[in-house]
Amino acid sequence: MASAHNRLKAVQQHLTPAQVHAKAVDPVASMDQERAKAAFDIRELTYLLDGGKKVTELKERMMLELERDPLFKMHDIHDISKDELRERTMQKFSSLLHHLQNEPVDQFRKRMEVVSMLDPGFWTRFGVHYGLFIGALQSNATPGQLGYWFEKGALSLNGLVGCFAMTELGHGSNVPGLETTATFDEASDQFIIHTPTLTATKWWIGGAAHSATHSTVFAQLMVNGKCYGTKCFVVQLRDPKTYACMPGVNIGDIGKKMGRDGIDNGWIQFTNVRIPRGNMLMKHTKVSRSGAVKEPKLQQLTYGALLQGRVAMVVDSGNVSKKALAIAIRYAAVRRQFSSSDSTIETKLLDYPIHQRRLMPLLAQTFAMLFTGSEMTTMYNEMMQRLENAKPGDSDLDEVMETLKETHSTSAGLKAFCTWNCLETIEQCRQACGGHGYSAYTGLAGMYQDFAVQCTWEGDNTILTLQAGRYLISSYREAMKGKKLSPGVGYLNRLDQLIGKKCQVKELEDLLRPEIIIEGWQVVCANVVKNAAKEFEAHLARGKKPDDAYEECSQSRLYAAKLHTFGYLYHRFVDGVAKVSDDLKLVLDSVSLLYGLYTIEENAGAFLQYEYFSPKQIEFIREKTNALCKVVREQAIPLVDSFNLSDFMINSPLGRADGNVYEHYFDQVKRSNPQGEHPYFQRIIKPLIERKSEADDEEEDDEAAGLESEDEDEDEEEE
């Protein structure tokens with residue numbers, strides 16, 4: 001070792017100062033230095049995040065297949081038109097159909113998860129058919145109906161292309177308020193689908209503008225003059241042979257969007273369109289030939305597709321955050337700016353405490369979302385399995401329904417919270433890259449535009465958060481009546497122990513114990529939920545109806561749901577880390593503790609208001625948050641490497657794994673913008689700068705270019 005060090009020192013002695021400086025600031029060398037700091041097995045963390053070695057190897061194979069698939073070329077994605085993007089999106093269907101028809105369902109879902117990080121627009125377009133359209137069939141059709149539509153080509157995408165028509169011009173989150181009608185005509189044994197008003201126009205319907213032939217349409221069921229609420233119907237939109245609209249169907253393109261322009265979103269209007277009675281999906285509500293309506297006890301089952309989508313968005317939020325942070329943190333590890341007073345070498349962005357404060361808490365938050373997303377997926381799958389087997393009169397029906405309420409409300413709050421957090425993470429990462437973050441080629445601007453829709457589709461985030469808050473108030477009231485609640489809100493069964501409780505640690509260092517942080521969140525959440533419930537009950541006491549009372553306390557509901565979700569994410573993160581051991585546990589303990597302290601600091605007002613923490617304790621937490629940012633910073637590149645995203649997947653020169661960001665960035669710009677003849681000099685610039693003026697007749701000394709003569713300068717000096 002000594003001889004090697006001496007040889008290196010001898011080599012360095014022969015380098016010029018310029019060569020020494022160049023070597024010190026070399027971005028590739030800087031990245032190698034960061035990677036060498038790994039205090040844990042990066043591969044083991046990848047296995048943990050992915051769910052095992054086999055899943056990691058499967059994802060790596062899928063990433064390579066996508067990279068080598070010419071249909072998935074991504075290098076020019078920022079420079080093609082909307083029409084070109086839509087055409088390319090549809091071309092990719094053939095590639096994915098091969099895998100769909102030859103892979104097990106779970107394996108194909110994993111493939112789509114990988115695709116979603118590479119090309120969210122295509123993932124959405126493909127998901128409109130296989131997620132929403134097929135999902136609506138699975139959630140609402142009888143076994144016989146499901147088999148019929150699968151035989152018609154719904155599953156194989158042969159003969160029909162589906163879309164999902166729920167949202168209307170005048171209604172989004174308020175599904176019960178949809179205006180489209182489906183009136184049963186007993187004489188013909190048909191339903192008449194109709195758009196009665198402008199606001200009833202189906203809007204934002206992915207695939208409607210150009211590609212869908214059929215749609216699951218959500219409309220008000222009308223039988224014998226009575227409305228039975230929103231139900232699901234299959235309506236043919238186009239002739240698959242000619243793609244001409246069916247009689248009574250009018251379709252248009254809603255045009256360019258903020259992002260995801262590969263999806264042909266459109267609008268649909270129905271004018272007395274007749275469909276067979278069998279096209280109403282009757283897994284739950286049934287309409288007989290004579291017009292008899294039979295409704296189920298478990299009305300909530302009809303929203304299985306929406307629930308599945310919300311759970312998927314929690315997972316997607318973690319995955320997209322990984323990609324954004326990989327770009328920003330890798331760039332910060334090689335980008336240098338200004339030098340300290342005792343060095344001529346400029347400092348890495350990642351070494352500035354304020355930059356660590358910008359990115360390290362977001363990295364910790366992303367890990368929290370990843371752990372929580374994994375648990376939510378398991379919870380959803382287990383619940384759906386139980387619901388499929390549930391029947392009225394079952395002894396465990398109450399438990400099944402309680403699980404449904406828990407999953408539905410938790411997924412609502414988490415969908416809102418995680419998508420909001422992810423969008424903010426992308427924007428913070430963009431800003432953290434300075435001026436280069438504004439370039440489309442660095443990937444973050446497009447990522448923001450593509451992800452922003454997640455905060456409003458599948459349920460507006462504010463509405464979903466209020467929905468979660470409503471559940472918390474309901475749970476509080478049930479707890480006060482002695483009902484045992486599901487685990488996610490189980491702390492409300494211990495109100496007598498939590499209300500008024502203060503942190504009793506003897507040493508400030510004890511504040512860093514996970515059980516103290518969890519207890520702190522439970523105390524704060526118990527108080528804010530109680531306050532929201534008391535406000536709700538006060539409005540009831542004044543004579544307001546329940547729905548109106550809920551609206552009056554909407555701000556309290558929103559606040560309660562927000563804090564509840566903070567605590568829920570931290571709890572799930574800690575539970576996940578507790579299952580890990582050795583060096584991996586040490587680094588994840590630091591990451592989870594950073595998330596816990598950061599979220600307390602961000603919500604310090606609540607902890608001080610309910611006096612769980614004292615001002616002195618909050619100040620200690622703030623100091624420790626700063627210290628943990630430095631600790632996590634030392635492992636930032638190894639942590640990002642554990643995300644195991646290839647350069648092709650990240651598709652950003654600033655996020656290159658080798659750290660050679662400037663060469664890759666410059667090459668990307670030159671390749672995408674080849675130099676050639678000036679595009680508009682002759683047409684625009686030349687007439688502008690060569691136009692005639694009075695000054696054109698005066699002679700000018702071009703050599704002097706307006707510079708004052710030396711004689712004039714000498715005269716001024718003499719004066």
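Predicted model: local features only at pLDDT ≥ 70, side-chain atom pairs only at ≥ 80, totals over all residues.

User: Why is Phe-613 called buried?

Analyst: Phe-613 has a relative accessible area of 2%, and the cut-off is under 20%, so buried is the label. Tyr-612 gets the label too, with 1%. Across the protein, 50% of the 719 residues count as buried.

User: What makes Phe-126 and Tyr-130 a stacked pair?

Analyst: Rings of Phe, Tyr and Trp (its six-membered ring) pair if their centres lie within 6.5 Å; planes under 30 degrees apart count as stacked, over 60 as edge-to-face and the rest as tilted. Phe-126 and Tyr-130 are 4.8 Å centre to centre with 25° between the planes, hence stacked. Both are buried, and both lie in helix α8 (residues 120-140), four residues apart, about one turn of the helix.

User: And why is the pair of Tyr-612 and Phe-613 edge-to-face?

Analyst: Their ring centres are 4.8 Å apart, but the planes sit at 70°, so the pair is edge-to-face.

User: How do you know that Arg-572 lies over the face of Tyr-568?

Analyst: The test asks for NZ of Lys or CZ of Arg within 6 Å of the ring centre and within 35 degrees of the ring normal. Arg-572 is 4.8 Å from the ring centre of Tyr-568 and is listed as lying over its face.

User: What makes a group of residues a nonpolar core?

Analyst: It's a set of buried Ala, Val, Leu, Ile, Met, Phe, Trp, Tyr and Cys residues joined through side-chain atoms within 4.5 Å. The largest one here has 169 residues, and Ile-329, Met-360, Phe-367 and Phe-613 touch the most other members. Helix α11 (residues 353-389) gives the most to this core, with 16 residues. Apart from it lies another core of 27 residues, among them Val-128 and Phe-191.

User: Why would such residues end up together?

Analyst: In soluble globular proteins, nonpolar side chains tend to be buried together.

Methods
Residues numbered from 1 in each chain as written. Heavy atoms only, no water. Helix = DSSP H or I, 4+ residues; strand = E, 2+ residues; numbered from the N terminus. Buried < 20%, exposed > 50% of the residue type's maximum accessible area, 1.4 Å probe, protein only.
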